[in-house]
Amino acid sequence: MTITPLAAHTTDRRAPAFRGRIGRDARSGHYAVPGRYRLHLSTACPDGLRIAVTHSLLRLDTVCPATYLPAVPDCPGGGHSALRPLYDASAHRYPGPATAPVLSDDWSGRIVSTHAPDIMRDLARRFATDGPSLYPCGAESEIEAVERMCADGIEEAAQRAGSAGQEPAECDIALTTLLDNLGALDRWLVGRTYLIRDEVTAADIQLWAALVQLDTVHRNHLDAAAVQRIADHPTLWAYARRLAAHPAFGRHLDLDGIERRHHDRCQGLEAAGAAVQILDWAAHATR
């Protein structure tokens with residue numbers, strides 16, 4: 001399969017504060033040792049949700065423990081006070097917020113990475129498990145294309161389509177981009193269980209988290225007519241429903257936390273016409 005994302009708007013997402021990698025052996029500095037590293041996640045955040053699902057699929061509870069943070073950060077700028085010691089130890093007088101997700105090194109007490117895609121890849125590639133091959137050989141370009149489509153063609157497009165500060169024409173363009181991407185995915189998934197292979201991969205994790213965000217957060221800023229058009233992709237939403245029933249996915253779906261995080265961060269007007277979710281996520285999620 002080849003997925004080519006549509007022309008996407010350049011985003012202003014915050015660059016990762018730390019971007020270290022786990023290497024193959026001791027010469028790399030950070031190398032795979034069971035129990036050495038720890039994840040710090042909030043599953044109310046899309047990136048935290050993606051990493052948590054990856055962590056569960058790979059069965060890394062004892063190999064790389066995870067600490068779960070509150071849905072709503074307790075510091076300005078989206079920071080968590082529990083992470084401040086790690087940030088301060090990793091960069092002298094670090095000026096920014098202590099945000100999640102974080103992969104930390106318990107040996108040094110410092111941060112390895114705050115970049116979710118790198119963290120997901122390193123968990124899958126550096127720790128041997130009997131879980132699925134989330135980054136199968138030859139699939140890297142497809143997975144990267146899905147990442148870009150989710151970030152720009154779904155999440156960013158939905159954000160711009162529902163922005164109260166955008167011109168109507170710009171909102172329409174963004175909604176068209178979103179619908180075009182959803183339509184392409186809906187057609188592709190006909191007759192398929194997973195997105196790019198016959199078993200779950202990182203591409204499925206990326207897309208599923210984007211669909212969760214679309215229905216639980218971005219939907220609130222779109223009118224009822226737009227949400228109806230988004231919902232009119234039955235194969236795609238059936239796919240999202242199937243994955244929600246998978247234990248590694250559904251167990252991390254914190255709907256109350258997502259709602260509280262959204263209302264804490266939201267500065268715009270919400271469209272009252274889109275109050276009903278596309279999926280009843282709670283009914284399908286496996287706990």
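A: What follows is a short chat about this predicted model, taken topic by topic.

Q: Great. What is the mean pLDDT of the protein chain?
A: The mean pLDDT is 90, and 91% of the residues reach 70 or more.

Q: And over residues 1-12, what is the pLDDT like?
A: Over that stretch the pLDDT is below 50. Residues 1-12 still have 24 contacts in the model beyond near neighbours in sequence. Where pLDDT is low, though, predicted coordinates should not be read in detail.

Q: Good to know. Let's switch to cavities: how many of 30 Å³ or more does a search of the whole structure find?
A: The search finds one. The largest cavity has a volume of about 30 Å³.

Q: Which residues line the largest cavity?
A: The lining is made of Thr 43, Ala 44, Cys 45, Pro 46, Leu 49, Ala 209, Val 212, Gln 213 and Ile 258.

Q: How do those divide into nonpolar, polar and charged?
A: Seven are nonpolar, two are polar and none is charged.

Q: Which helices each supply at least two residues of that lining?
A: Helix 1 (46-57) and helix 6 (202-216) do. Helix 6 gives the most, with three residues.

Q: Okay, on to helix 5. How many residues does it have, and how far does it reach?
A: Helix 5 covers residues 168-188, so to speak a run of 21 residues, and it reaches 30 Å from its first C-alpha to its last. That is close to the 30 Å expected at 1.5 Å a residue.

Q: Which residues in helix 5 are buried?
A: The buried ones are Cys 171, Ala 174, Leu 175, Thr 177, Leu 178, Leu 179, Asn 181, Leu 182, Gly 183, Leu 185 and Asp 186.

Q: What covers the buried residues of helix 5?
A: The cover includes helix 4 (140-161), helix 6, helix 7 (224-231) and helix 8 (234-244).

Q: Can we zoom in on Gly 183? Why does it count as buried?
A: Gly 183 counts as buried because its relative accessibility is 8%, and the cut-off for buried is under 20%.

Q: You mentioned helix 8. Where does Trp 237 lie, and is it buried or exposed?
A: Trp 237 lies in helix 8. At 3% relative accessibility, Trp 237 counts as buried.

Q: What is Trp 237 in contact with, leaving aside neighbours within four places in sequence?
A: Trp 237 is in contact with Leu 211, Leu 214, Asp 215, Ile 230, Ala 231, Ile 278, Leu 279 and Trp 281. As for Glu 155, it is 82 residues apart from Trp 237 in sequence and 16 Å apart in space, C-alpha to C-alpha.

Q: Let's move to helix 3. Is Ile 119 buried or exposed there?
A: Ile 119, found in helix 3 (residues 116-126), counts as buried, with 1% relative accessibility.

Q: And which residues does Ile 119 contact, apart from neighbours within four places in sequence?
A: Those contacts are Leu 39, Ile 51, Val 102, Leu 103, Ser 113 and Thr 114. The C-alpha atoms of Ile 119 and Arg 19 are separated by 9.0 Å, and the two are 100 residues apart along the chain.

Q: How about Ser 90: where is it, and what does it touch?
A: Ser 90 is in helix 2. Not counting residues up to four places away in sequence, Ser 90 touches Phe 18, Arg 110 and Ile 111.

Q: Now the backbone. Which peptide bond is cis, with omega near 5 degrees?
A: The bond from Ala 100 to Pro 101 is. Pro 101 sits in the loop between helix 2 (84-90) and strand 3 (102-105).

Q: What is phi of Arg 59, and where is Arg 59 found?
A: Phi of Arg 59 is near 55 degrees, a positive value in a residue other than glycine. Arg 59 is in the loop between helix 1 and strand 2 (66-68), and it is exposed, with a relative accessible area of 51%.

Q: And Arg 93, what is its phi?
A: Phi of Arg 93 is near 55 degrees, again a positive value in a residue other than glycine. Arg 93 is in the loop between helix 2 and strand 3. Its relative accessible area is 71%, so Arg 93 counts as exposed.

Notes:
Residues are numbered from 1 along each chain as its sequence is written. This is a predicted model: local features need pLDDT of at least 70, side-chain atom pairs count only at pLDDT 80 or more; totals for chains, interfaces and linings use all residues. Side-chain values use heavy atoms; hydrogens and water are left out. pLDDT is the predictor's confidence in each residue, from 0 to 100. Contact means heavy atoms within 4.5 Å. On a 1 Å grid over the protein atoms alone, a cavity is a set of points where a 1.4 Å probe fits but cannot get out, and a pocket is an open set with protein on both sides within 12 Å along at least five of seven lines; lining residues have an atom within 4 Å of a point. Grid points are joined across faces, edges and corners, and a volume is the space filled by probe spheres set on the points. Helices (H or I, at least four residues) and strands (E, at least two) are DSSP runs, numbered from the N terminus. Ala, Val, Leu, Ile, Met, Phe, Trp, Tyr, Cys and Pro count as nonpolar, Asp, Glu, Lys and Arg as charged, and the others, Gly among them, as polar. Buried means under 20% relative accessible area, exposed over 50%, partly exposed in between (1.4 Å probe, protein chains only). The expected span of a helix is 1.5 Å times one less than its number of residues.
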